[in-house]
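Please look over the sequence and the structure shown below before reading on.

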Amino acid sequence: MSGAGGNRGRLHAGKLTQPAQVRLQAARSRRKLVAGGLTEQERDCTVTTMSSAEPTRRDFLYIATASVGAVGAAAALVPLIAQMNPDASTIAAGAPIEVDLSPIADGQVIKVFWRGKPIYVNHRTKKQIEEAENVDVAKLPDPQPDSARVKPGHSQWSVLIGICTHLGCIPIAHQGPYDGYFCPCHGSVYDTSGRIRQGPAPLNLALPPYEFLSDTKIRIG
Amino acid sequence: MSGHSTYQPQNAFMQWMERRLPIAGLVYSSFIVYPTPRNLNYWWTFGGILAFMLAAQIVTGVVLAMHYTPHVDLAFNSVEQIMRDVNYGWLLRYLHANGASMFFLAAYIHMFRGMYYGSYKEPREVLWILGVILLLLMIMTGFMGYVLPWGQMSFWAATVITNLFSAIPLVGESIVTWLWGGYSVGNPTLNRFYSLHYLLPFVIVGVVVLHVWALHMAGQNNPDGIEPKTEHDTVAFTPYATIKDAFFLVVFCILFAWFVFYIPNFLGHPDNYIPANPAVTPTHIVPEWYYLPFYAILRAIPNKLLGVMALGASIVILAFLPWLDTSKVRSARYRPLYRQFFWAFVIVCIGLGWLGSKPPEGNYVLFARIFTVYYFAYFLVILPVLGKVEKTKPLPNSIAEAVLLKGKPPLGAPAPPPPLAKA
């Protein structure tokens with residue numbers, strides 16, 4: 001592109017008419033033209049970076065947009081994460097269950113399921129209750145008196161979550177030196193109160209939330 | 001975009017990273033300093049919108065897949081469970097279903113933009129063809145997704161569309177049995193559609209990468225259809241195109257949200273809330289709105305095999321557009337006659353869509369046939385001829401000139417002779 005205004009020169013057949021040429025020169029002298037047929041001012045409008053000591057309106061708009069965008073993104077995440085929580089049907093299926101204790105004989109242990117977990121309901125004999133109570137609590141790996149693991153006045157009923165606190169197997173009832181529970185996976189031994197006595201398990205068998213609705217009925221959950 | 005990017009990281013960790021995996025440099029050169037024509041209008045925001053919609057569909061889809069059961073006895077109820085029991089399940093389902101509609105809306109607008117401004121012309125032919133492939137993948141994905149809820153429309157759409165393949169001579173029936181995995185649409189069909197519906201969007205992602213790569217090789221087209229000549233013709237992608245894309249994405253999402261929150265079932269068919277019954281065909285089977293134009297073309301042809309071929313041809317013919325349009329001028333802005341045929345084509349497409357929703361009787365059939373003729377004539381007759389005979393308007397000298405002289409005649413155009421001209 002030669003000269004100011006480059007390829008502007010040609011109109012028809014490469015020649016400007018006299019009056020047109022005059023007009024064009026006049027126009028050109030009013031504005032200094034740079035490459036691309038643009039004025040200096042117009043060319044500078046393509047410059048995109050601006051340095052300024054003061055925060056500009058553009059800075060404000062950027063920050064405002066980014067903030068609203070961040071809030072929107074966080075809000076959008078809420079349902080995506082919340083949908084993985086248990087849904088209404090799972091919560092309904094995990095509602096408390098009632099267990100009738102009358103058919104459970106003296107010394108018998110039954111297994112029920114609540115929220116997918118096995119629950120042992122043990123109708124303990126007098127002998128088992130005595131042995132569970134007459135223990136030096138301080139010597140236990142996870143010290144806890146038997147009274148803390150049954151409901152007051154109902155010490156013959158032991159309600160426990162049947163999941164070994166070692167690595168999660170189900171211990172077998174009426175097994176082991178204490179006639180309590182024995183976990184076949186790694187040899188943990190529990191007494192009739194569900195307390196760990198020997199073996200690798202660190203804690204006593206957990207207690208589910210439960211209450212007595214009557215002497216012969218409990219609600220677990 | 002070739003060679004190394006101009007990204008010069010200041011941060012020591014970024015320098016370390018750049019030498020080993022120059023992703024930051026790639027993003028920098030492709031989406032930050034990337035020279036973008038300065039005259040792009042809002043029709044150019046739909047590419048970004050499509051990318052967003054693809055991500056949205058994948059995210060909502062993966063999350064829905066955590067709760068859906070792909071078995072004929074359980075699928076319908078699992079969807080109802082999503083709607084009623086899953087936390088925000090109703091939102092995720094409506095986002096995904098209406099998201100598909102918005103996805104197609106954006107895709108059609110994106111394509112019409114390409115047709116109007118000649119974005120398929122040299123050197124963007126492969127870019128355009130990749131786009132046609134993307135459309136085909138979208139159509140397949142959407143079809144299979146619609147089958148999953150196992151409602152009446154799901155089941156019968158699956159039956160009708162898979163039966164199309166029986167039109168193929170000799171091997172047609174075997175292909176249909178192979179697709180079904182049985183003697184009719186059933187559990188094997190549902191299971192495989194679920195698997196493929198999960199897979200294809202990721203295939204789409206791959207083809208989108210190729211599509212954007214092809215775009216960056218040629219550079220964007222622009223509303224004036226002339227290539228950038230100097231740096232004055234372009235601006236950096238960020239912040240100009242980024243902000244323009246983001247703004248219109250928000251506007252688009254307002255429309256999306258309007259459907260999701262106020263009229264979430266408007267675009268759907270109520271019959272799909274009836275569990276699938278293989279013994280009873282609904283009186284009016286129609287696909288979702290985005291398939292209606294193709295459905296109208298299929299039904300317009302009275303012969304089974306030719307109808308199926310016309311259906312396929314109506315999409316495949318798009319791939320030949322770069323060679324069917326013989327005009328040397330890209331943008332319809334400078335092709336006044338082409339513009340009229342183009343808008344007629346748009347009206348024909350919308351008309352075919354409307355006709356596709358109507359029962360195939362009486363005048364509906366007549367008009368569907370007329371519009372189908374125009375549809376194919378546009379590609380096979382009008383465009384090739386128009387390029388040769390059309391008188392186009394003079395092109396501006398540069399993009400910058402076109403932008404800055406908006407409304408005024410381009411520099412160098414013959415000026416009306418002044419009254420006392422002396423040659």
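Leaving aside its neighbours within four places in sequence, which residues is G107(A) in contact with? Counting two residues as in contact if their C-beta atoms, placed from the backbone, lie within 7 Å, G107(A) is in contact with H123(A) and T125(A).

This is a predicted model, in which local features need pLDDT of at least 70 and side-chain atom pairs count only at pLDDT 80 or more, while totals for chains, interfaces and linings use all residues. Residues are numbered from 1 along each chain as its sequence is written, and chains are lettered from A and ligands numbered from 1 in the order in which they are written.

**Surroundings of G107(A)**

- G107(A) belongs to the loop between strand 3 and strand 4 (109–114) of chain A, where helices (H or I, at least four residues) and strands (E, at least two) are DSSP runs numbered from the N terminus.
- Because 16 C-beta neighbours lie inside 10 Å, G107(A) counts as partly exposed; a residue is buried if 20 or more other C-beta atoms, placed from the backbone, lie within 10 Å of its own, exposed if 12 or fewer, and partly exposed in between.
- T165(A) is 58 residues away from G107(A) along the chain, and the C-alpha atoms of the two are separated by 24 Å.

**The two chains**

- Chain A contains 5 helices and 12 strands, and 18% of its 221 residues count as buried.
- Of the contacts in chain A with a separation of 6 or more, 47% are between residues 24 or more positions apart.
- Chain B contains 16 helices and 2 strands, and 35% of its 423 residues count as buried.
- Among contacts in chain B between residues at least 6 apart in sequence, 74% join residues at least 24 apart.
- Taken along the principal axes, the box filled by the C-alpha atoms of chain B is roughly 85 × 65 × 45 Å.

**Sheets of chain A**

- Strands of a sheet pair through backbone hydrogen bonds, either parallel or antiparallel, and two strands are taken to pair if DSSP finds at least two bridges between them.
- One open sheet of chain A has 4 strands in the order 7-8-9-10, with antiparallel pairing; strand 7 (172–175) and strand 10 (196–198) stand at its edges with a single partner strand each, so one side of each is left without a neighbour in the sheet.
- Within chain A, strand 8 (residues 180–182) and strand 9 (residues 189–190) run antiparallel and are joined by 2 bridges, with Y181(A) standing opposite Y190(A) of strand 9.
- An open sheet of 3 strands in chain A has the order 3-12-11, again with antiparallel pairing; its edge strands, strand 3 (97–100) and strand 11 (210–214), each pair on one side only.
- Strand 3 of chain A is joined by 4 bridges to strand 12 (residues 217–220) of chain A, which runs antiparallel to it, and E98(A) has R219(A) in strand 12 as its bridge partner.

**A helix pair in chain B**

- The axes of helix 3 (residues 46–65) and helix 9 (residues 187–218) of chain B come within 11 Å and cross at roughly 155°, where axes are lines fitted to C-alpha atoms, for helices over the stretch in contact, and angles run from 0 to 180 degrees between N-to-C directions.
- Helix 3 and helix 9 of chain B are therefore roughly antiparallel to each other, a term for angles over 145 degrees, as against under 35 for roughly parallel, 65 to 115 for roughly perpendicular and oblique for the rest.
- Helix 3 of chain B contributes residues including L54(B) and I58(B) to the contact, and helix 9 of chain B contributes residues including Y198(B) and V205(B).
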